[in-house]
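Subject: Structure handover

Hello,

Here is the structure I promised to pass on. My notes on what was found follow below it.

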Amino acid sequence: MAVEEKRAATEIIRSLAPHLNCLNGCEKRTRKRALDDIKKETIEKGLSSTVLQEVFACLLKSLLRCLSDPSERCREVSIQIIGDFIRCVSNPESSLPYIMPSLAQRICGKETVEPAEELRLSMMEVLSLIVEVCGRHLAPYLDDMIKILQKTITDPFPDVIKESCKCTVHFARIVPDHFHMQAECLVKPLMQTISHRHSRVRMAVIEATGAVVLYGTAKTMDDVLSHMAQRLFDNSPQVRKAVTLVSGDWLLNLKDRYSYFHKLIPLLLSSLNDENLEIRALACELWRQVGNQWEKENEDDLKDKMDFLLSPTLQYPPGVERPGLGCRELVVRNLSKLMPALCRDACDWLGQTRVKTVQLLQVLLLHAEDHCTQHLQQLLTTLYHACTDSEQDVRTNGLESARLLGVFVSPEVFIKLLLAHVKSSSSCSRSPWAPLMVLAAMLKGSNRKVLGPQLLQVGHVLAHPDVCQESQQTVYVEQLLACVEVLLEVCEEDCGIISLPLLKVLVTVQCESTDPQIHTKAEECVLTLSLVLGLSNVHELYRQHMAQLLQWLLESQNSWSTHSIQKTQLEIITFQSGPVVGEFLPELMPLLKNCLLPSQDPEMRLHIFTMLSKLLLNSSNTLDSQGNFYKYLEVFLQELLLPNLVWHAGRTAAAVRTSALSCLLAMLQGGTLSKEQVLNMEAEFSAYLISALEEDSQLSRLLACRSISSFITVTEQCLNPDTLNKIYPVLLKRIDDSSQEVRAEALKALSVWLSSLDKNHKTHTYCPNLEFIFQHLLLYLDDPDHQIRLIVLEVLKASCVADPVLLQQKVEELREKQCNSEYCDQLLQYIQSL
């Protein structure tokens, strides 16, 4: 020190003596004034750093005592003066032996803790300044620093925490050789504060944690990882960004990073799917740096792979950049350590954890590529859970992960394993459709060339009754249909070798589902299947496989029951095949014969008769499309239809008779039966129809009336008079039926009956019959029901063809007896107009 500077320092110290004495005064104002004067005489005079160093050495102890002054203002000024001196003096480290213990005592002492949060903040700012200007000279004071930081990291005042975290980072970087010895002591307070309500505090804590782990011991890693991972769900993008930066820094610079790659990789890769674009870009850049660094560090091990880089697979996801070799190798070498945690977290009770986990799985698969084959069993189990998760985001990412798995894993491997799970739904008992869902996604990821050799195996399993008839749950049927859709989309005309199994699946899907949308999709798939095979329409597809489909049903017919799906399969096949079914009557008739035997289950017969009724209404485009149904007509009527019209007790038997009757009506109306065929069985038909008019079932009586109308119409006035005379009394009886519909149909049938009488019937033999009918009908012109009166009027008008004179006579006789003669007058007027 120069003589002049020493003399100046001495003079200043002498002039400060009164002020120093005042610091011990009793009055607050005196002490405050003394501190202000000291500041004016020293800091504010712009003295040289050498002079200030000498003065500071003299003032330091007095200033430090002021840190415990009862007056908050005095403590504040003293802290400011100390900070100013440290900033200006030439040798600030010389003051450390006094400052550090004093700050430690004031901040974290047991008895005298600074109560004012603003002053605690000022002290931490001074401490940060000390770290900045003193650097490595702080190493001997490691204990004091750690104690202070432990206390201030959990301080109630957020700004103190932020300053403390900032100080921690600087201190760790400045004295790394000493810091690691006690860095572990800061982990607990940091983890206590990492979930602070202020996002800026959380950011500061995360940065401090990064420094503590980076410059501390490796064993602290396990204590902080779970807390850091939790911050990936933070609502603040800045907090998530801080986690990304810290995890990238660890992967790049942590000394023992090779031992912790499997724990750090998920932390960084999870940010690749962050909702914030900036964070995704940052994570991508950091991960690229990590991969490049690892690649350089292991250049010798990767020499062969670097020389012969494999091109990505043909189905590599479009728009996705393939990760570098180093990144891929890092994931491949650590995947076995990551899998247990992935499987566990994919089933976590928190939805957001499951979402992050499945998103991470997707990234890992993109890096592992074909190396994920060795973990296929674990991956499938995880995907079963993900694809059936209650969260939509989990399901979406799970399906995308399954698709990636299909891209990279050979179908020869995954199909064998997956199909075993598909056949055995116990592998996923809560969600038996999960294996089908994953199978559809993986098939979508695969490509036609490698999938071709496995098609027969896939088709056989999907069409197996234990698979396609396993469940009627909508979601199960949807996934079964999805598998067929994907096969048609990916393999196109290659599906020709499994067209029959696929058609069986599509028929079964339509049987099992009650959802119209699924029915529509299944029908579209049938059309698509026919198109990829080069066929013009669906009928051609059925023509190609009809014989096998009917044989398929016939093989299981002995086990058919009320709840069997096969009867519905038969219905779908016959309806969708259209005119083709008429080409395979020799195969169809044995099937129908076995189904309609009176000994078979009544509900099954009911179902088959309902199906036949629909087919026979349009027989020319279905069963009789080739004009060959007549060859089987006698067998059909005598062995199948008429035996089911025989009366048996019970409601179920009555329902079967009703359905058989509807089938007979369809034959009469649909043109299946010719005039000659009906006349040949006139006696049998009339007997069964007359019996049906007496049924308890309203529907049976209604169908019987309609059938009689068609029966008379088809025969074209050629029925035996005895037959006609047996029919009309029962029809007249039905006019008094409890059902208005039956009454109306009975009247219509009588109208047809009367219209069928030609001149040959107008003999004295039939006059009594006609007279009885006219007298009976005329009574109903007074019926309470207006509609019935109108129908009766029309029937009587139609009956004029039989004997108008007799009718006129009867009308005139009864006219005066009617309550309302209006309809009689109309009828007489009509007769006279003829």
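This is a predicted model: local features need pLDDT of at least 70, side-chain atom pairs count only at pLDDT 80 or more; totals for chains, interfaces and linings use all residues.

Residues are numbered from 1 along each chain as its sequence is written, and side-chain values use heavy atoms, with hydrogens and water left out.

Confidence

The chain has a mean pLDDT (the predictor's confidence in each residue, from 0 to 100) of 87. In the chain, 95% of residues reach 70 or more. Helix α13 (residues 237–253) has the highest confidence, at 96. Helix α16 (residues 303–307) has the lowest, at a mean of 65. Helices (H or I, at least four residues) and strands (E, at least two) are DSSP runs, numbered from the N terminus.

Pockets

Rolling a probe the size of a water molecule over the atoms shows where empty space is left. The search uses a 1 Å grid over the protein atoms alone. A pocket is an open set of points with protein on both sides within 12 Å along at least five of seven lines. A cavity is a set of points where a 1.4 Å probe fits but cannot get out. Lining residues have an atom within 4 Å of a point. Grid points are joined across faces, edges and corners, and a volume is the space filled by probe spheres set on the points.

The largest pocket holds about 710 Å³. It is lined by 25 residues, and Ala-229, Pro-266, Ala-341, Arg-344 and Asp-345 are the closest to its centre. Two or more lining residues come from each of α12 (221–230), α14 (257–269), α17 (325–345) and α18 (351–368). Helix α17 gives the largest share, 7 residues. By class, the lining of the largest pocket has 13 nonpolar, 6 polar and 6 charged residues. Here Ala, Val, Leu, Ile, Met, Phe, Trp, Tyr, Cys and Pro count as nonpolar, Asp, Glu, Lys and Arg as charged, and the others, Gly among them, as polar.

The second largest pocket has a volume of about 610 Å³. Of its 26 lining residues, Leu-272, Cys-284, Glu-321, Pro-323 and Leu-366 are the closest to its centre. At least two lining residues each come from α15 (277–297), α17, α18 and α20 (392–408). Helix α15 contributes the most, with 7 residues. The lining of the second largest pocket divides into 10 nonpolar, 9 polar and 7 charged residues.

Cavities

How many cavities of 30 Å³ or more are there? The count is 2.

The largest cavity has about 60 Å³ of space. Its lining residues are Leu-645, Arg-657, Thr-658, Leu-661, Tyr-688, Ser-691, Ala-692, Glu-695 and Ser-700. Helices α34 (651–670) and α36 (682–692) each give two or more of them. The lining of the largest cavity has 4 nonpolar, 3 polar and 2 charged residues.

The second largest cavity has about 30 Å³ of space. Leu-67, Ile-79, Ile-82, Ile-99, Leu-103 and Val-126 line it. Helices α4 (72–88) and α5 (96–108) each give two or more of these. By class, that lining has 6 nonpolar, no polar and no charged residues.

Gln-352 sits in α18. At 39% relative accessibility, Gln-352 is partly exposed (buried means under 20% relative accessible area, exposed over 50%, partly exposed in between; 1.4 Å probe, protein chains only). Its C-alpha lies 7.6 Å from that of Phe-233, 119 residues away along the chain.

Glu-369 is in the loop between α18 and α19 (376–387). Glu-369 is not a glycine, yet its phi is positive, about 50°. Its relative accessibility is 10%, so Glu-369 counts as buried.

Helix α26 (residues 474–491) has 18 residues, and its end C-alpha atoms are 26 Å apart. Of the 18 residues of α26, 13 are buried.

Glu-492 follows α26, in the loop between α26 and α27 (499–512). Glu-492 also has a positive phi of about 50° without being a glycine. At 34% relative accessibility, Glu-492 counts as partly exposed.

Best wishes

Note on methods: The expected span of a helix is 1.5 Å times one less than its number of residues.
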